[in-house]
Structure formats: structure tokens, C-alpha cells
Amino acid sequence: MEIGLFQEQKMKLTMTTDLQQAISILQYSTLELFEYIQNQALENPLIDVEEPSFKQMEPLTKSRSNGSVGNKDMKSPIDFVSNKKTSLYEYLINQAIFLNVSKKESDIINYIIYALNRNGYFEDDLIDTAAHLKVSVEDVKNALKKVQQLEPIGIGATSLHECLSIQLHFYYKENELAEEVVTHYLNELASNKWSIIAKELNISLPEVQHIYDLIQTLNPKPGERIDEDFIPNYIIPDMTVKLENDKLIIMVNDQTIPTIKINADYEPLLSSTFNKDSQTAKYLQSKYKQFTWLNKSIEHRKWTLYNVMKTIAQEQALFFKKGPQHLRPMTLKEVAEHCDVHESTVSRATNNKYVQTPHGLFELKYFFSSSIRTERGENASSHRIKLMIKELIQEEDHFKPLSDQKITTLLKDQNILISRRTVAKYREELGIPSSSSRKRY
């Protein structure tokens with residue numbers, strides 16, 4: 001052991017700012033990249049952003065450096081968003097102004113509306129609310145009843161029981177049994193203890209089933225769909241794979257990505273100061289380098305996505321031609337080796353990316369799944385097995401649903417060897433309840 005100063009050479013990878021930018025751009029979704037480019041343009045005066053033109057989508061080829069995308073009739077994503085979002089509170093206030101109430105009642109009603117949570121429930125204590133507004137508890141109760149008359153039905157409830165009761169009274173006024181179940185036996189109904197309900201109310205199991213089906217039509221969160229944070233229910237695919245003459249055509253969809261170029265006002269100044277050593281020249285050279293790297297990173301992202309999608313299409317050709325039941329096991333490592341990139345690069349390239357296929361819209365991560373050994377020694381995709389489980393349950397006798405063990409046996413008959421525990425795991429991942437919860441009477 002010796003203490004001292006020694007000189008030695010080492011090689012290590014340094015994560016530069018440019019490299020971090022390239023990695024970030026690769027894993028951005030199309031809309032996230034759009035926002036990132038806009039932010040870069042605000043920071044860099046040399047960057048001039050040209051809004052996307054939404055041209056017709058075309059296959060990506062080496063001769064086209066700027067892949068144009070879209071559909072002749074394709075609209076901008078902005079066209080899908082309402083010009084003015086209506087929040088839950090605005091929606092209710094606009095109804096409340098037509099109520100025949102006094103100024104005092106109106107103030108209490110408005111307070112209650114703005115106190116509702118995102119699901120439309122009023123969870124504040126009535127006594128505390130009365131004290132805060134300096135009114136009686138009875139005044140608050142009466143105002144709350146007025147709020148509960150507004151749409152959507154069930155709004156302003158103080159609990160799940162009350163929310164469902166309000167809807168039952170409005171939609172199924174004469175069904176006293178259903179209201180009885182909601183008021184006193186909701187937990188038993190949810191826990192599938194229907195025999196207890198049937199015995200105590202002196203009704204049959206089919207009648208309990210009917211009440212259960214009726215309650216399933218109600219909305220436990222009436223305020224959820226009317227909210228200022230509502231996200232439109234659509235996804236813009238990053239790529240499209242089409243089947244033409246039995247050949248798969250891959251198109252990169254960058255219709256929401258703006259084109260960047262050098263700002264025309266700065267271009268003459270950049271040329272005249274490029275070889276100079278002034279502060280202005282250094283600043284412009286730095287910003288020009290940022291522009292060049294951004295442009296290069298966007299282009300690299302495009303070709304990485306294309307190469308990864310091309311490999312997926314080749315490996316999963318039967319899926320694109322015949323459907324999800326033909327999805328084969330595939331790992332990130334296999335695609336990485338084929339594309340001659342690192343596994344983490346493939347992971348980033350497929351993160352939050354979607355592809356439109358002849359069989360619907362799929363996240364790229366969907367195509368990667370573990371393999372299950374079949375009785376014949378072949379490998380089956382876990383996605384395919386989940387699909388088989390789903391189909392078996394869809395075709396089951398609802399009065400005698402399949403147990404996990406029975407599903408295991410049926411899969412074995414199709415040369416799929418998995419345990420009952422694995423079947424239960426896949427069923428839960430599919431959001432399918434147990435056989436006891438699926439049983440109908």
C-alpha cells in the first residue's frame with residue numbers, strides 16, 4: 001500500500017448535453033416532440049419553425065429527407081379540440097342560474113358547486129359549511145338538494161350510496177327493491193354475497209341478478225366526464241403499416257412535427273460572422289450548432305423509428321396479415337440485434353409510440369412479449385395466450401363460468417402448458433373478474 005499521486009489513462013463515456021438531447025428526442029411521443037421543438041425555437045433565435053402542412057402520408061425512403069405524412073382529408077389535431085372547454089363548475093352554474101331561488105340560496109348553491117370534487121361529490125361537512133357561510137344547516141341541506149336536481153343526475157351526492165340512490169329514484173322510480181339493496185346491501189352485492197341479500201329480502205337469486213344488472217347501468221362518478229382537465233379520447237399514431245398486394249408498407253407519421261430552418265433574418269449575419277472571434281460571432285455559432293444538432297436528432301429519431309418498425313413488421317408479418325392471434329414472442333434484444341443498436345435504444349424508440357395496423361391501433365410495446373413453451377416444443381406469445389383466455393371466457397356458459405383450473409385444462413388441450421396461477425395472473429391483467437364474480441343466476 002502506498003499513498004501518492006499517479007498518472008494513468010482511462011476511457012469512459014461522458015453524457016454530453018447533445019447526447020442527452022438526442023436520447024430525449026428519441027423517446028418523445030410525436031406531440032411531446034412538437035412541444036419540445038416549439039420550446040427550442042423560443043430559446044434559439046436562429047430556429048424558424050414552419051408549421052406542419054398535413055400532407056398525404058407516404059412511405060419513408062432514403063431519397064426523402066423530410067417525410068411528408070397524413071391523409072388528404074386529415075385535419076390538424078387542434079381541429080379535434082373544442083375551442084372552449086366547459087368545466088364541471090361552468091356546466092352546473094349555467095344550469096343553476098335558471099333555478100327559482102333567492103339570492104341567499106343562489107350563493108349557497110354556487111358555493112356547493114365549486115366545492116364539488118372531480119367526481120361530482122360534495123364531501124364537505126354540512127355543519128362546517130353552514131358555519132363558514134353563516135347560514136343554518138337546514139339552508140345548506142336545501143341548497144344541496146337543489147344542486148342534486150341538476151344534470152348529470154347524481155351530481156352533488158355526499159356518498160356513493162346517495163349517488164346511486166339519486167339515479168335510481170330518477171331513472172327507476174318504482175323499483176323500491178333496488179333502492180333497498182343500494183341503501184343497505186351494496187357491500188354484499190359487490191362481494192358477491194347474493195344469497196344473503198336474497199334471504200333477507202325474501203327474493204330469488206335471479207331477482208338479485210336483475211338488480212345487479214340495473215345498478216351496473218348507473219354512473220358512480222357523474223362529474224368525471226365533464227371536467228376542464230378532460231383529455232380527448234384519441235391517439236395520433238406515430239406510424240402506419242398497410243398491407244398492399246400481400247406486402248407490408250411502412251409509413252412514418254410526423255404530421256404534427258414542424259419543419260425547422262434557419263431564420264432568414266439571421267442567415268446573412270451568420271454568414272458574415274462565422275469565422276470571426278467576437279462575442280456575437282461566438283453566440284451565433286453556438287446557436288447554429290444547437291440548430292444543427294436538433295435537426296440531426298429529429299432525422300435520427302425518424303430513421304430509428306422506421307428501422308425498428310421495419311424489423312417488427314418482418315418478425316410479426318403474420319400478425320399484420322392475419323391478426324393478433326398470430327402474434328409471436330419477441331424481445332427488445334432480438335430487435336436491437338437486428339437493427340444493430342443497443343437494447344435501450346429500442347426501448348426508448350418504442351416508448352409511448354403507436355402504430356396504425358390493418359387490425360387496429362397498437363402501442364409498439366404490445367409487440368414485445370415473453371414466450372410460453374407449448375407441448376410441441378414451440379414458443380407461444382403471452383399476448384396470444386391472453387387472447388385465447390379472453391375468447392374462452394367470452395364463449396363460456398354465464399350460468400356456469402369457467403374456473404381458472406378449467407381454463408388451464410382447456411389450454412392444455414390446445415398444447416399450451418401453463419399453471420393455474422399464470423391463468424389467474426393473465427385474467428387479472430385483462431381486467432376479467434373471477435368465475436364467482438362472473439356467474440349469473
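This is a predicted model: local features need pLDDT of at least 70, side-chain atom pairs count only at pLDDT 80 or more; totals for chains, interfaces and linings use all residues.
**Reading salt bridges and a helix crossing**

Trainee: Which residue forms a salt bridge with Lys-103?

Mentor: When you read a salt bridge, look for the two partners and the distance between their N and O atoms. Here the partner of Lys-103 is Asp-107, and the closest N and O atoms are 2.9 Å apart. Asp-107 counts as partly exposed, with a relative accessibility of 37%.

Trainee: How many residues apart are Asp-107 and Lys-103 in helix H4?

Mentor: They are four residues apart in H4, which spans residues 103–115, so about one helical turn separates them.

Trainee: How many salt bridges does the structure hold?

Mentor: There are 11. Asp-139 and Lys-104 meet through their side chains in a salt bridge, at 3.0 Å from N to O. Asp-139 belongs to helix H6 and Lys-104 to helix H4, so this pair ties together parts that are 35 residues apart in sequence. Asp-139 counts as partly exposed at 24%, and Lys-104 counts as partly exposed at 45%.

Trainee: Where do Arg-328 and Glu-315 lie?

Mentor: These two form a salt bridge whose closest N and O atoms are 3.3 Å apart. Arg-328 is in the loop between helix H14 (317–322) and helix H15 (332–339), while Glu-315 is in helix H13 (residues 279–315); the pair links distant parts of the chain, 13 residues apart. Arg-328 counts as partly exposed at 32%, and Glu-315 counts as partly exposed at 32%.

Trainee: Now for helices. At what angle do the axes of H5 and H6 cross?

Mentor: For a helix pair, read the approach, then the angle, then the residues that meet. The axes of H5 (residues 126–133) and H6 (residues 137–147) come within 8 Å and cross at roughly 110°. Angles of 65 to 115 degrees count as roughly perpendicular, and H5 and H6 are therefore roughly perpendicular to each other.

Trainee: Which residues of H5 and H6 meet?

Mentor: From H5 come Leu-126, Ile-127, Thr-129 and Ala-130, and they meet Val-137, Val-140, Lys-141 and Leu-144 of H6. Sorted by class, this contact of H5 with H6 has six nonpolar residues, one polar and one charged.

Terms used. Residues are numbered from 1 along each chain as its sequence is written. Side-chain values use heavy atoms; hydrogens and water are left out. Axes are lines fitted to C-alpha atoms, for helices over the stretch in contact, and angles run from 0 to 180 degrees between N-to-C directions. Helices (H or I, at least four residues) and strands (E, at least two) are DSSP runs, numbered from the N terminus. Angles under 35 degrees count as roughly parallel, over 145 as roughly antiparallel, 65 to 115 as roughly perpendicular and the rest as oblique. Contact means heavy atoms within 4.5 Å. Ala, Val, Leu, Ile, Met, Phe, Trp, Tyr, Cys and Pro count as nonpolar, Asp, Glu, Lys and Arg as charged, and the others, Gly among them, as polar. A salt bridge is a side-chain nitrogen of Lys or Arg within 4 Å of a carboxyl oxygen of Asp or Glu. Buried means under 20% relative accessible area, exposed over 50%, partly exposed in between (1.4 Å probe, protein chains only).
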